[in-house]
Amino acid sequence: MAAHKEVIVMKSYLNISAPFDGIVTTRNVNLGAYVGPAGKGSDMPLLTIQQQDKLRLAVSIPELYTGYLKRGDEISFNVKSLPDTFTATVERMSGALDLKLRAERVEMDIENTSGAMLPGMVAEVRLPLNAKDSTFVVPKSALVNSTENIFVIRVENQKASRIEVKKGREIDDQIEIFGDLNNNDKMVLVASEEIKEGDFINE
């Protein structure tokens, strides 16, 4: 009886069971190939099985834009081999920056029941970078980067007033700025350090 059980146990080693349903995407052994313990002729796994009905999209968000995203935000993306636009929701945020990329890893889960997308595809992602605070967008020519600070020049009663600002997102020749500004403020379109505080500005 003991010998019979031993044979059954040994025979069970010939069966490999995965803990989930999936697709065999890589097979590193063929029928009749020798398979030994790890490090003794089997440096690679026998098989690679992937569960493809749910995929994970990972995006590295540059440090400048990390404050614009939060968990639950919806993003849209495309893959080159498919014409459709897909959507996904931000599920996980690492909460820290990668020291090499200076970026935060953000992950989204994607339902792929149709199997249209394949693991390893590269996605082009459009992020909804909605600003938390009131911001202004100005031409880059209106911004001055001096050795001391970054500022724009506001015109008040035909006199120049330097307003210190912080930079945000950049798109083409436009840039987002944060500072003590109001909707009706007038600014110099082409600013420079040569324009001093209180200088006369002909409107």
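Contact is taken here as heavy atoms within 4.5 Å. The structure is a predicted model, in which local features need pLDDT of at least 70 and side-chain atom pairs count only at pLDDT 80 or more, while totals for chains, interfaces and linings use all residues. Residues are numbered from 1 along each chain as its sequence is written, and side-chain values use heavy atoms, with hydrogens and water left out.

The chain contains one helix and 13 strands; helices (H or I, at least four residues) and strands (E, at least two) are DSSP runs numbered from the N terminus. In sequence order the pattern is α-β-β-β-β-β-β-β-β-β-β-β-β-β. The C-alpha trace spans about 105 × 35 × 30 Å along its principal axes. The radius of gyration, taken over C-alpha atoms, is compared with a globule rule of 2.2 Å times the number of residues to the power 0.38. For the chain the radius is 29 Å, whereas a compact globule of 203 residues would have a value near 17 Å. Among contacts between residues at least 6 apart in sequence, 61% join residues at least 24 apart.

The accessible surface of the chain is about 14,800 Å², and 51% of this belongs to carbon and sulfur atoms. Accessible areas come from the Shrake-Rupley method with a 1.4 Å probe, and for residues only the protein chains shown count as cover. Residues are classed as buried under 20% relative accessible area, exposed over 50%, and partly exposed in between (1.4 Å probe, protein chains only). Of the 203 residues, 25% are buried.

A nonpolar core is a set of buried Ala, Val, Leu, Ile, Met, Phe, Trp, Tyr and Cys residues joined through side-chain atoms within 4.5 Å. The largest such core has 17 residues, and those with the most contacts inside it are L57, I75, F77, A88, M108, I110 and M117. Two or more residues each come from β3 (54-62), β4 (74-79), β5 (86-98) and β6 (103-111), with β3 giving the most, four residues. Another core, of ten residues, lies apart from it and includes V138, A142, L143 and V152.

Beyond four places in sequence, M108 touches L55, R56, L57, V59, I75, A88, T89, V90 and E91. N112 lies in the loop between β6 and β7 (123-126) and is buried, at 2% relative accessible area.

Ten salt bridges are present, each defined as a side-chain nitrogen of Lys or Arg within 4 Å of a carboxyl oxygen of Asp or Glu. R92 pairs with E107, with the closest N and O atoms 2.8 Å apart; R92 is in β5 and E107 in β6, so the pair ties together parts 15 residues apart in sequence. E107 is buried, with a relative accessible area of 13%, while R92 is partly exposed at 32%. R92 also forms a salt bridge with D109 (2.7 Å, N to O). Salt bridges with shared partners join R56, R92, R105, E107 and D109 into one network. A further salt bridge joins E111 and K54 (4.0 Å, N to O). E111 belongs to β6 and K54 to β3, so this pair ties together parts 57 residues apart in sequence.
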